[in-house]
Amino acid sequence: MSIDQAAQEELESLCAIYLGDGTDTDDAPMTINADSPGSLDFNLGFGCALEVHLASPGYPASQPPFYVLRLNSFRSPFPGRAGELTAGAVTTEDEFRGYVDAELVRLFVPGEPVVFSWVDWLKGVIEKWYGPVVGTTAAVAVAAAVAALPANNDSDDDDEYDDDEDAGRGAVDPAAIETDAGANDAGFVMPAGCPAIVSSQPLVERRSVFVAHVAAVTSVAQVQLVKQALLSNKRIARATHNIAAFRIVESNGVVRQDCDDDGETAAGGRLLHLLELSGCRNVYVVVSRWYGGVQLGPLRFKLINNCARQLLQERGFLHGK
């Protein structure tokens with residue numbers, strides 16, 4: 001069965017969000033069924049997993065995707081924990097599955113992708129049910145995916161040569177990139193009315209450096225002020241690419257959004273799709289990349305999205321629809 005075009009775009013975004021180096025391991029946050037590209041397995045932690053079929057009839061136009069929830073050694077929650085999940089008492093596996101199914105159906109909006117919201121919600125529920133353990137939050141999962149990427153090295157890249165990748169402002173030495181990560185407005189000339197800007201810690205991969213910047217915005221005019229402030233920093237202005245996207249939801253429900261590849265073809269669109277999938281609103285995100293002279297190939301898109309996603313998570317912008 002073929003995958004709907006919207007579901008195919010969702011699959012590409014999910015790969016960019018969850019897959020690290022593309023290696024399928026037991027601890028990978030997502031794996032793809034080799035015999036059925038539209039069949040995805042998500043690691044929910046505690047030995048639990050969610051299997052989702054993007055090729056389900058009617059998805060995403062009118063029906064949610066078919067799913068299978070695999071639970072590890074189901075047990076009742078500790079006293080009082082059931083009340084955190086539902087108003088009624090949930091003490092059996094059938095009751096728990098019924099509660100989950102009702103919530104997954106509620107999260108689905110016809111015509112919109114829902115898998116990211118399902119996974120994000122289920123991770124929280126599974127963690128509450130089985131007990132908090134380090135390494136089960138979404139932020140930790142992203143950090144683990146980034147940590148699993150290939151070690152830094154100066155060897156030639158085996159990826160097919162990509163003109164876009166080194167078509168920016170030239171290679172740099174990672175040691176020369178400095179950021180005041182986590183500090184508001186650090187190193188920027190802030191125009192009047194410009195929202196606060198927060199930058200991430202640098203992510204270095206084979207001599208390329210990625211730094212994300214986010215700001216809460218409520219108008220396109222504020223987006224332009226933030227862009228002006230960022231480019232007032234000479235290091236950011238000299239970045240090979242400054243990939244950007246914003247998504248604003250006005251009080252009347254009108255959504256204003258746009259993106260900028262800045263020479264990195266399709267990267268801005270992927271960043272905007274991340275904002276849409278994760279339900280982000282009233283935020284402007286920019287990922288600066290300084291090319292280090294070694295081709296990264298398609299891996300760079302995953303790094304761009306992961307760098308942005310982690311900072312969005314830390315600043316409270318990331319949540320399901």
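Asn282 counts as partly exposed, at 23% relative accessibility (buried means under 20% relative accessible area, exposed over 50%, and partly exposed in between, with a 1.4 Å probe and protein chains only). Its phi is near 55°, a positive value in a residue other than glycine. You can find Asn282 in the loop between H8 and strand E10 (283–290); helices (H or I, at least four residues) and strands (E, at least two) are DSSP runs, numbered from the N terminus.

Ala266 also has a positive phi, about 75°, although it is not a glycine. Ala266 is in the loop between strand E9 (255–260) and helix H8 (267–277), and is partly exposed at 36% relative accessible area.

## What the model is

This is a predicted model: local features need pLDDT of at least 70, side-chain atom pairs count only at pLDDT 80 or more, and totals for chains, interfaces and linings use all residues. Residues are numbered from 1 along each chain as its sequence is written, and side-chain values use heavy atoms, leaving out hydrogens and water.

## Aromatic pairs

The whole structure holds 3 aromatic pairs (rings of Phe, Tyr and Trp, the last by its six-membered ring, with centres within 6.5 Å; planes under 30 degrees apart are stacked, over 60 edge-to-face, the rest tilted). One of them joins Tyr67 and Trp118: the centres are 5.5 Å apart and the planes at 75°, so this pair is edge-to-face. Tyr67 is in strand E4 (residues 66–70) and Trp118 in helix H4 (residues 115–130), 51 residues apart. Both Tyr67 and Trp118 are buried.
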